[in-house]
Amino acid sequence: MAVKIRLLRMGKIRNPQYRIVVADSRTKRDGRAIEFVGLYHPKEEPSRIEVNSERVQHWLSVGAQPSEAVQAILSKTGDWQQFKGLPAPAEPLKVKAVAADRRATYEAEAQAAAGLAEAPKAKKAAEPKKKTEAEAPAEAPAAQAEEQTGAGAGAEA
């Protein structure tokens with residue numbers, strides 16, 4: 001039986017989402033698959049590519065042939081180079097940044113609105129006071145010098 005690693009199309013019209021599957025070469029594009037080994041969502045920014053590297057390496061080692069599209073995907077993830085014994089790709093796979101936890105953000109804002117989370121504000125207010133305290137000792141020796149000379153009191157009168 002000739003086995004291929006290819007894309008199985010899913011998703012909606014104009015929003016393709018693919019599964020990377022191992023299937024008999026005689027089955028339909030969206031027909032029965034032997035094993036599901038990854039995902040490919042080209043419309044996301046950057047494209048979402050998830051591959052079970054261990055299973056892909058197994059299927060390549062037993063003779064499964066990747067389609068052109070799957071070979072390009074495997075080249076981006078580095079699995080094709082690993083199978084062929086070539087050096088890893090120079091450019092790492094782009095990954096979408098992790099979004100902030102919406103629930104945690106909401107709870108923090110709710111606590112701040114309720115007045116429960118004022119500790120960070122107090123720290124910010126304390127920092128300028130420390131600066132003024134640092135300036136005060138610098139001014140004190142100058143005031144003491146004026147008092148010793150008597151010029152400070154006599155000049156004002």
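**Notebook: strands, helices and rings in a predicted model**

The model is predicted, and local features need pLDDT of at least 70, side-chain atom pairs count only at pLDDT 80 or more, and totals for chains, interfaces and linings use all residues. Residues are numbered from 1 along each chain as its sequence is written, and side-chain values use heavy atoms, with hydrogens and water left out.

**Entry 1: the elements**

I counted 6 helices and 5 strands in the chain. Helices (H or I, at least four residues) and strands (E, at least two) are DSSP runs, numbered from the N terminus. From that terminus on, I read the order of elements as β-β-β-β-α-β-α-α-α-α-α.

**Entry 2: the sheet**

I looked up how the strands pair; two strands pair if DSSP finds at least two bridges between them. Strand S1 (residues 3-12) runs antiparallel to strand S2 (residues 15-24), over 10 bridges. The hairpin of S1 and S2 has 2 residues between the strands, and there Arg 14 takes a positive phi near 60°. S1 also pairs with strand S5 (residues 65-66), in the parallel sense over 2 bridges. In S5, Gln 65 is the bridge partner of Lys 4, and Pro 66 is that of Ile 5.

I then traced the whole sheet, which is open, has 5 strands in the order S4-S3-S2-S1-S5 and shows mixed pairing. Why is one side of S4 (48-51) and of S5 left without a neighbour in the sheet? Both strands stand at the edges, each with a single partner strand, so one side of each has no neighbour there.

**Entry 3: helices on the sheet**

I took contact to mean heavy atoms within 4.5 Å. Helix H1 (residues 53-61) packs on the sheet and touches S1, S2, S3, S4 and S5; its direction makes about 120° with that of S3. Helix H2 (residues 68-77) also packs on the sheet, touching S1, S2, S3, S4 and S5, with its direction at about 85° to that of S4. For these angles, axes are lines fitted to C-alpha atoms, for helices over the stretch in contact, and angles run from 0 to 180 degrees between N-to-C directions.

**Entry 4: the core and burial**

I used the rule that buried means under 20% relative accessible area, exposed over 50%, and partly exposed in between (1.4 Å probe, protein chains only). Buried residues make up 21% of the 157 residues in the chain. A nonpolar core is a set of buried Ala, Val, Leu, Ile, Met, Phe, Trp, Tyr and Cys residues joined through side-chain atoms within 4.5 Å. The largest such core has 17 residues, and Ile 5, Leu 7, Ile 20 and Trp 59 have the most contacts inside it. At least two residues of this core come from each of S1, S2, S3, H1 and H2. Not counting residues up to four places away in sequence, Leu 7 touches several residues, including Tyr 18, Ile 20, Tyr 40 and Ile 73.

I also checked His 41, which lies in strand S3 (residues 35-41). His 41 is buried, with a relative accessible area of 10%.

**Entry 5: aromatic pairs**

Rings of Phe, Tyr and Trp (its six-membered ring) pair if their centres lie within 6.5 Å; planes under 30 degrees apart count as stacked, over 60 as edge-to-face and the rest as tilted. I found 2 aromatic pairs by this rule. The rings of Tyr 18 and Tyr 40 have centres 6.1 Å apart and planes at 20°, so the pair is stacked. The rings of Trp 80 and Phe 83 have centres 5.7 Å apart and planes at 40°, so this pair is tilted. Trp 80 and Phe 83 both lie in helix H3 (residues 79-84).
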